[in-house]
Amino acid sequence: MAAHKSALRLYVTSDLASDTGVVLDKGQAHYAGNVMRRQAGDPVILFNGRDGEWLCDFQEIRKQHALVHVRELLRPQKQEPDIILLFAPLKKIQTSLVIQKATELGAVRLCPVQTVRTNADRIREDKMYLQAIEAAEQCERLSVPEISDISRLEKALDELDADRPLVFCDERFAGGGNLQVLETLKSAGKWSLLVGPEGGFSEEEKTMIRARDNTHAISLGPRILRAETAVIAGLSLLQATVGDWSGDNVTSE
Ligand code: SAH
């Protein structure tokens, strides 16, 4: 019965090494056994964001836990482009979309920021983390992005390293030349992207953002995008210019 099933892909926090055992918690055991109907002997792929991706198999699946035997390294861990997303949380569904898409698009940290016009449902960083795990499992990513606690915009900007360029998605930006701007940021080796709330940033906030050294405004075209679309477009632009879409500018393995 198991033969036609593709291997589940699960994120774990345990270390992964050849010929070792990993214990899955109750939630993952339930998912594997009851939801996905896996049984002892079935393959499963595990990753932990540190040790690469491993082919494993289930040894036993119980109600409270499951045991997995780690067999063979499928892919070594790779360094990912160091891109942080700062975003104003939105309504629940849109925020979920942002978490899912930003994970698929490879942001390494997701930072919800409180802005003057943030109009969000209650922020649940723990839920966001679970959504990020699910997206990472599904998109074959080798890591799960960190989710920061929500902080005020000003504090979030203060906490960014000075040498980390802030790419500011500004729907009223009149200048052109996104690609040239991003080209100059290639050598920075780490980046951040800032997208505002549905209502946009206030004038004071825009002044504060622009006043930060190493802020680079970009336009995502002449149409006003919804914030979640802007996240997708902005991260795509970064991956295509300084990130891992071009294949020639990701540093080490
Ligand atoms: N209500 C605002 C629009 C906010 S759009 C207004 O009408 O002016 C939400 C966020 O998406 C903005 O804060 C910005 O960061 C980003 N965004 C949307 N469209 C964009 C565009 N064309 N270029 C750059 N950023 C954009």
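**Aromatic rings**

I searched the whole structure, a predicted model, for aromatic pairs and found 2; rings of Phe, Tyr and Trp (its six-membered ring) pair if their centres lie within 6.5 Å, with planes under 30 degrees apart counted as stacked, over 60 as edge-to-face and the rest as tilted.

I then looked for charges over rings, taking NZ of Lys or CZ of Arg within 6 Å of the ring centre and within 35 degrees of the ring normal. Arg9 lies over the face of Phe47, at 4.1 Å from the ring centre.

**Conventions**

I note that local features need pLDDT of at least 70 and side-chain atom pairs count only at pLDDT 80 or more, whereas totals for chains, interfaces and linings use all residues. Residues are numbered from 1 along each chain as its sequence is written, and side-chain values use heavy atoms, with hydrogens and water left out.

Helices (H or I, at least four residues) and strands (E, at least two) are DSSP runs, numbered from the N terminus. Axes are lines fitted to C-alpha atoms, for helices over the stretch in contact, and angles run from 0 to 180 degrees between N-to-C directions.

**H2 and H7**

I looked up helix H2 (residues 92-104) against H7, and their axes come within 9 Å and cross at roughly 10°. That makes H2 roughly parallel to H7; angles under 35 degrees count as roughly parallel, over 145 as roughly antiparallel, 65 to 115 as roughly perpendicular and the rest as oblique. On H2 the contact (heavy atoms within 4.5 Å) is made by Gln94, Leu97, Val98, Lys101 and Ala102, and on H7 by Glu228, Val231, Ile232 and Leu235.

**H2 and H3**

I next examined H2 with helix H3 (residues 125-139), where the axes are 8 Å apart and the packing angle is about 40°. H2 and H3 are therefore oblique to each other. In H2, Thr95, Ser96, Ile99, Gln100, Thr103 and Glu104 meet Met128, Gln131, Ala132, Ala135, Ala136, Gln138 and Cys139 in H3. The contact of H2 with H3 has 6 nonpolar, 6 polar and 1 charged residues.

**H5 and H7**

I finally took helix H5 (residues 178-185) and helix H7 (residues 227-241), which pack at about 55° with axes 10 Å apart. H5 and H7 are therefore oblique to each other. Asn178, Leu179 and Leu182 in H5 meet Leu237, Leu238 and Thr241 in H7.

Note on methods: Nonpolar A, V, L, I, M, F, W, Y, C, P; charged D, E, K, R; others polar.
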